[in-house]
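Here is a short briefing on one protein chain. Look over the sequence and the fold first, then read on.

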Amino acid sequence: MKPSKVIILFMASIFLFAAGPAWSETKQSMNSEEIMDVTDLDGDNRIDIKEYGYRITDVYFFLDADKDGKLTVVEIQKSMPDIDPAVIDKADVNGDAIITIYEFRYVLYKDFDEMDKNQDGSLDMQEMKIMME
């Protein structure tokens, strides 16, 4: 099963912001090689679940503009003005219009398994390219 287009768009946004503010101001998207460079912390050309978790946690706190430990729709839309509202709705598991770190990680970890086509516990370049299609 291929991850939903909603999650793919969200993931692309996450990896873009993972590169930091300077990168996100100069580029609109990243290719799979750039995503690998930013996310693969140990340099083995694979993104394991631990590296994935570090990256999505970093992005969560980057998006949390007021540093209150939760994301609002306004904070997300301020950083990603073109984001589809369906992406935010999918992440807001309990429907309270606030996305906690647990909801954020839950939705994204769920799709990690779907992106990991060979079920080896990590994303390789081929899987990254499939995700970006």
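Is Asp 58 buried, partly exposed or exposed? Asp 58 is partly exposed, with a relative accessible area of 44%. Keep in mind that this is a predicted model.

- Asp 58 forms a salt bridge with Arg 55, and the closest N and O atoms are 3.3 Å apart.
- Both residues sit in helix 4, three residues apart, which means about one helical turn separates them.
- Arg 55 is buried, at 9% relative accessible area, because the cut-off for buried is under 20%.
- Asp 58, at 44%, is partly exposed.

- The structure has a count of four salt bridges.
- Side chains of opposite charge can pair when their charged atoms come close.
- Lys 129 and Glu 33 meet through their side chains in a salt bridge, 3.6 Å from N to O.
- Lys 129 counts as partly exposed, at 42% relative accessibility.
- Glu 33 is partly exposed too, with a relative accessible area of 36%.
- Arg 46 forms a salt bridge with Asp 120, where the closest N and O atoms are 2.0 Å apart.
- Arg 46 lies in the loop between helix 3 and strand 1 (47-48), and Asp 120 in the loop between helix 7 and strand 4 (122-123), so the pair ties together parts 74 residues apart in sequence.
- Arg 46 is partly exposed, at 25% relative accessibility.
- Asp 120 is partly exposed, with a relative accessible area of 37%.

**A buried glutamate without a salt bridge**

- Glu 51 is found in helix 4.
- Glu 51 is buried yet has no salt bridge.
- Which side chain of opposite charge is nearest to Glu 51? That is Arg 46, 8.2 Å away.
- A salt bridge needs the nitrogen within 4 Å of the carboxyl oxygen.
- A polar atom of the Glu 51 side chain lies 2.9 Å from the backbone nitrogen of Leu 41.
- Glu 51 touches Thr 39, Asp 40, Leu 41, Asp 42 and Arg 46, leaving aside residues up to four places away in sequence.

**Aromatic rings**

- The structure holds four aromatic pairs.
- One of them joins Tyr 52 and Tyr 109, with ring centres 6.0 Å apart and planes at 55°, so the pair is tilted.
- Tyr 52 lies in helix 4 (residues 49-63) and Tyr 109 in helix 7, so the pair ties together parts 57 residues apart in sequence.
- Tyr 52 is buried, with a relative accessible area of 0%.
- Tyr 109 is partly exposed, at 23%.
- Tyr 52, Tyr 109 and Phe 112 form one aromatic cluster.

**Helix 7**

- Helix 7 (residues 101-115) has 15 residues.
- From its first C-alpha to its last, helix 7 reaches 21 Å, close to the 21 Å expected at 1.5 Å a residue.
- Buried residues in helix 7 are Ile 101, Glu 103, Phe 104, Val 107, Leu 108, Asp 111, Phe 112 and Met 115.
- Among them, Phe 112 is also part of the aromatic cluster with Tyr 52 and Tyr 109.

Notes
Residues numbered from 1 in each chain as written. Predicted model: local features only at pLDDT ≥ 70, side-chain atom pairs only at ≥ 80, totals over all residues. Heavy atoms only, no water. Helix = DSSP H or I, 4+ residues; strand = E, 2+ residues; numbered from the N terminus. Expected span 1.5 Å × (residues − 1). Buried < 20%, exposed > 50% of the residue type's maximum accessible area, 1.4 Å probe, protein only. Phe/Tyr/Trp six-rings, centres within 6.5 Å; stacked < 30°, edge-to-face > 60°. Lys, Arg positive; Asp, Glu negative; His and termini not counted. Polar contact = N/O pair within 3.5 Å; in protein donor to acceptor, adjacent residues only side chain to side chain. Contact = heavy atoms within 4.5 Å.
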